[in-house]
Amino acid sequence: MSAPADTGEAAARAGGGAGSFPLADFLSRWADCAIQDLAASDSQTLHLSTLLRYAGTEDLRRWHGVGLGYADPRGAPWLRAAIAGRYEALGDGGVLACNGAQEAIACVLRAVLRPVDHAVVVVPIYGPSELAVTGLCAASGVALDPDRGWSLDLDRVAAAIRPNTRLVVANFPNSPTGASLGPATLGGLVALCRRHGLWLVNDEVYGQTDAGGGAPAVADIYEKGVSINGLSKGFGLPGLRVGWAACRDKGLLDRAIAQKSLLSSCLSGPSEVLAHVALEMEARITALARSIGRRNHRRLRALLDRFPDLFEADLPANLAFAFPRFRGAEGAARFADTLARQAGLLVAPSTLWRSPLAQVPDDRLRIGLGRLGSGPALAALEAHLLRLTSSRGSAACTG
Ligand SMILES: Cc1ncc(COP(=O)(O)O)c(C=O)c1O
């Protein structure tokens with residue numbers, strides 16, 4: 001069943017600061033007995049030896065001499081310079097390097113939001129981001145519209161703004177829907193935020209695998225725009241734990257550093273060097289990720305076309321995952337559970353993105369397509385669907 005787009009409300013501290021993260025719970029429940037490739041949204045990872053083969057002379061020198069003491073809390077200057085170089089409008093000092101995008105989001109939200117504030121959250125959004133907001137202040141959700149290609153209705157955003165609204169937080173390109181903002185909507189959103197003096201924090205971690213051309217970073221087009229990104233998704237390097245916040249407002253980043261000092265303090269030196277290598281090789285690394293994603297999307301498309309009673313295929317929006325509608329009578333959540341139990345295979349039902357702020361349709365499956373292992377996993381999914389449609393079952397994994 002598809003839910004209509006909706007605007008919802010949540011009382012201050014709706015998450016209580018200690019809400020749960022259903023996606024993480026789901027993955028850990030099946031961690032020991034199910035293949036995770038179709039539940040993952042990160043692209044094919046690289047081994048240390050491969051990354052080091054990509055390293056230039058300067059990075060090799062850094063690698064062999066890297067210290068293991070506390071590092072610069074903002075990130076090494078050469079790492080920040082490489083990150084800033086990805087943006088058009090950032091001068092020196094426009095970047096805070098963090099332990100993953102998740103820490104960058106937390107630092108920025110804590111730096112901006114006070115208990116008397118209100119925030120607008122575009123839903124669906126990464127669970128920890130939503131919980132970070134609702135743990136800090138009151139929030140309203142604005143749902144992407146499933147019946148209009150997951151578009152964002154700016155009138156709904158405008159209607160959600162209150163006198164004490166301080167920030168809009170979103171995740172475009174979006175997970176799990178894959179939605180991106182076109183230039184007109186993005187420009188309209190920035191204009192709306194500017195009119196009301198709001199911060200616009202956009203989590204752009206899926207930008208490298210956006211199937212379209214990719215939208216500009218909000219830090220480049222808005223003086224109060226904060227772009228969150230990192231190496232965990234399209235670079236396939238979540239183990240480095242390197243993410244960042246990019247913003248033209250130095251005062252905000254200073255406040256975010258103060259928050260970081262309460263969390264991880266600094267990055268690990270070896271990760272900083274390896275992150276720099278990866279950024280220097282971005283074109284090569286992300287081209288590989290995109291080609292793997294494209295190939296797996298074609299495989300998925302062929303598979304879903306064989307089971308039209310069970311799936312409604314949609315066009316690839318993000319190369320790292322798909323988000324088709326599941327038509328089976330048992331519903332997406334139960335299908336995912338049965339798939340894990342019987343075939344040892346994980347896909348992420350859209351119920352894992354449920355939000356108290358706005359409705360998220362419960363009839364979708366996010367299917368990860370960014371890894372080499374997604375190919376064999378799709379073959380296993382097909383075998384399960386054939387068993388299912390011929391009314392045969394098997395039992396293996398208990399979760
Ligand atoms: C939308 C989104 N933002 C942030 C993160 C966290 O990224 P990191 O591992 O770099 O902290 C994730 C991880 O799944 C994500 O999906």
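**Exercise 1.** Determine how helix α12 (residues 282–306) is oriented against helix α14 (residues 374–389).

*Solution.* Step 1: the two helices pack at an angle of about 5 degrees, and their axes are 10 Å apart. Axes here are lines fitted to C-alpha atoms, for helices over the stretch in contact, with angles from 0 to 180 degrees between N-to-C directions. Helices are DSSP runs (H or I, at least four residues), numbered from the N terminus.

Step 1: α12 is therefore roughly parallel to α14, a term for angles under 35 degrees.

Step 2: α12 makes the contact through N296, R299, L300, L303 and R306, and α14 through S374, G375, L378, L381, E382, L385 and L386; contact means heavy atoms within 4.5 Å.

Step 3: these residues divide into 6 nonpolar, 3 polar and 3 charged. Ala, Val, Leu, Ile, Met, Phe, Trp, Tyr, Cys and Pro count as nonpolar, Asp, Glu, Lys and Arg as charged, and the others, Gly among them, as polar.

The model is predicted: local features need pLDDT of at least 70 and side-chain atom pairs 80 or more, while totals for chains, interfaces and linings use all residues. Residues are numbered from 1 along each chain as its sequence is written, and side-chain values use heavy atoms, without hydrogens and water.

Definitions and conventions:
Parallel < 35°, antiparallel > 145°, perpendicular 65-115°, else oblique.
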